Amino acid sequence: MKQIYLIHEHHPRLLLFFAGWGADETPFKTYRPTDSDYMLCYDYRTLDFDASLLTEYTDIRVVGWSMGVWAATRIMSSFSLPVSRRIAINGTPFPIDETCGIPPAIFQGTLDGLTDVSLHKFLRRMCADSAAFKAFLQRTPRRPLEELREELAAIAARYAALPPCEAVWDLGVVGTADRIIPPANQVQAWQKLGVPVCQTADAHYQEALFHRYLQDVWTND
């Protein structure tokens, strides 16, 4: 797992953001939570996490998006961190699941058929419309296809091999226009865990969601 500071000004508070599969810092580096450092986690080919980087913080706010919700769940259950709030966006702790995540056949089909063309289609499905997709293409992650294939395979292997873990989430944000992880499955996952749900009209990737939960929520806090 890669851990990158996007803001490191030695505030006592940290926004710890776990991005989705295939991500890097490119789409997320413009957000500015007030009076807070900001760390991005991505690339889940391993779940190695350096918690020693976080010892300076007295208050950590965790946001997970897509596959990052699963990764954050694993990390929060493995380390004792001073986490005060946890928000999951368009993802669940059960990333490959018939009723609480991405159905296994769809996940496997994405992995088996991953090409530059299929990735382009996947990214288009993440966005609400052609205008949003065009804007996203200006800030798409810059990672090689083979790396993304390795990451997807590693997620599948670890999810199958590791026992379930518990991490308390305070809110599950579900975009009803999500075409990557079925919204009904997301709602069912959070209901199963007893986590409050906030449903929005957003797609899987929606700038308004990130602007709110990577910046505005903490700015107004």
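Which residue just after helix 6 takes a positive phi? Gly-194 does, with a phi of about 70 degrees.

The structure is a predicted model, in which local features need pLDDT of at least 70 and side-chain atom pairs count only at pLDDT 80 or more, while totals for chains, interfaces and linings use all residues. Residues are numbered from 1 along each chain as its sequence is written, and side-chain values use heavy atoms, with hydrogens and water left out.

**View 1. Helix 6 and its cover.** Helix 6 spans residues 183-193; helices (H or I, at least four residues) and strands (E, at least two) are DSSP runs, numbered from the N terminus. Pro-183, Asn-185, Gln-186, Val-187, Ala-189 and Trp-190 of this helix are buried, where buried means under 20% relative accessible area, exposed over 50% and partly exposed in between (1.4 Å probe, protein chains only). The cover over these buried residues includes helix 1, strand 5 (83-89), strand 6 (171-175) and strand 7 (197-200).

View 2. In strand 4 (residues 59-65), 7 of 7 residues are buried. Asp-59, Arg-61, Val-63 and Trp-65 point one way from the strand, whereas Ile-60, Val-62 and Gly-64 point the other way. In a regular strand the side chains alternate between the two faces of the sheet. Strand 2 (residues 13-18) runs parallel to strand 4 and is joined to it by 6 bridges, and strand 4 pairs with strand 5 in the parallel sense, also over 6 bridges; two strands pair if DSSP finds at least two bridges between them. Val-62 of strand 4 stands opposite Leu-16 and has Arg-86 as its bridge partner in strand 5. From strand 4 the chain crosses through helix 1 to strand 5 in a right-handed β-α-β crossover, meaning that, with the strands pointing away from the viewer, the path from the first strand over the helix to the second runs clockwise.

**View 3. Leu-16 in the largest nonpolar core.** A nonpolar core is a set of buried Ala, Val, Leu, Ile, Met, Phe, Trp, Tyr and Cys residues joined through side-chain atoms within 4.5 Å. The largest one holds 73 residues, and Leu-16, Phe-17, Phe-18 and Phe-28 touch the most other members. Helix 1 (residues 67-78) supplies the largest share of this core, 7 residues. Leaving aside residues up to four places away in sequence, Leu-16 touches Met-39, Cys-41, Phe-49, Leu-54, Ile-60, Arg-61, Val-62 and Val-63, a contact being heavy atoms within 4.5 Å.
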